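Reader: I have a model open and would like to go through some side chains with you. Could you take me through it?

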Amino acid sequence: MSLTGTLVRLENFYSKHVAFRNVDVWLPPGYDPEGMERYPVLYMHDGQNLFDDSISYGSISWGIDRALLSLLEEEKIRPTIVIGIWNSGIRWRDYMPQKPYESPTFKKHRKDFHITAGGPSISDSYLNFLVEELKPFIDRHYNTLPDQANTFVMGSSMGGLISLYAISEYPHIFGGAGCISTHWPIGGMELVDEMARSLPDPARHRLYFDFGTETLDRLYEPFQRRMDRHLRQAGYIEGQNWVTLKCEGAEHSERSWRERVEIPLSFLLG
């Protein structure tokens, strides 16, 4: 592989909304800070798991840089800037969709979540950080295409939930979302139904979902199929502005996500 990108780390990025955290910025091959070319931007959660095996959970990263370089060499995607937002010690609270969490239908799940996560959802604050602080900084300091059609969000497990919540809460900011191994069981069918109430307009958005059949992922199919029905009712057309992929034999791990990450990247950035 002859192409190379550049990884920049912004340490302890300041926020008035959430705990400070590192943010990684991956710049595609040929990026010139003084140049005229502008790039789409993909915001990804659990940023420490994306690029570096030595700091990733389970010592296996997503290999996002390698996947992007491979797709670029095959001319399947546009050169894209990737922003890896590291998670914090209260990851579940940051990523649990807050409005569904606070809805009356979620009552039976709320106590268990509070005990497991150590407190209530604060994901509206996390999204405020992303939209009001991080994105404006990235758009000021890097050569981005800042419009909705060129801004994407993606994550796995709880990161899949917050990605769907982000595009639903800020449809004017994000044009596409990748929801990998989405952790629906944290809120059951009630969470699926609540999130379906605020799906973004299919005319201007793209949604990608997938799930495996092993380990934790083996629980996901009934919930995802329910969301699929909601997507059809909302006007999404599978294979056009929406994909749901069942990955036989895939488990709930960075290793599995690494093996198939080129698929959502191609769908969102192609």
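Reader: Let's start with R255; is it buried or exposed, or something in between?
Author: R255 has a relative accessibility of 47%, so it counts as partly exposed, a class between buried (under 20% relative accessible area) and exposed (over 50%), with a 1.4 Å probe and protein chains only. This is a predicted model, in which local features need pLDDT of at least 70 and side-chain atom pairs count only at pLDDT 80 or more, while totals for chains, interfaces and linings use all residues. Residues are numbered from 1 along each chain as its sequence is written, and side-chain values use heavy atoms, with hydrogens and water left out.

Reader: Which helix holds R255?
Author: R255 is in helix α9, residues 254–260, where a helix is a DSSP run of H or I with at least four residues, numbered from the N terminus.

Reader: Switching to rings, how many aromatic pairs are there?
Author: The count is twelve, taking rings of Phe, Tyr and Trp (its six-membered ring) with centres within 6.5 Å, and calling planes under 30 degrees apart stacked, over 60 edge-to-face and the rest tilted. For Y101 and F106 the centres are 5.6 Å apart and the planes at 55°, so that pair is tilted.

Reader: And why do Y101 and F106 count as buried?
Author: Y101 counts as buried because its relative accessibility is 4%, and F106 because its value is 0%.

Reader: What lies over the face of Y101?
Author: That is R110, at 5.8 Å from the ring centre; the rule asks for NZ of Lys or CZ of Arg within 6 Å of the ring centre and within 35 degrees of the ring normal.

Terms used:
Helices (H or I, at least four residues) and strands (E, at least two) are DSSP runs, numbered from the N terminus.
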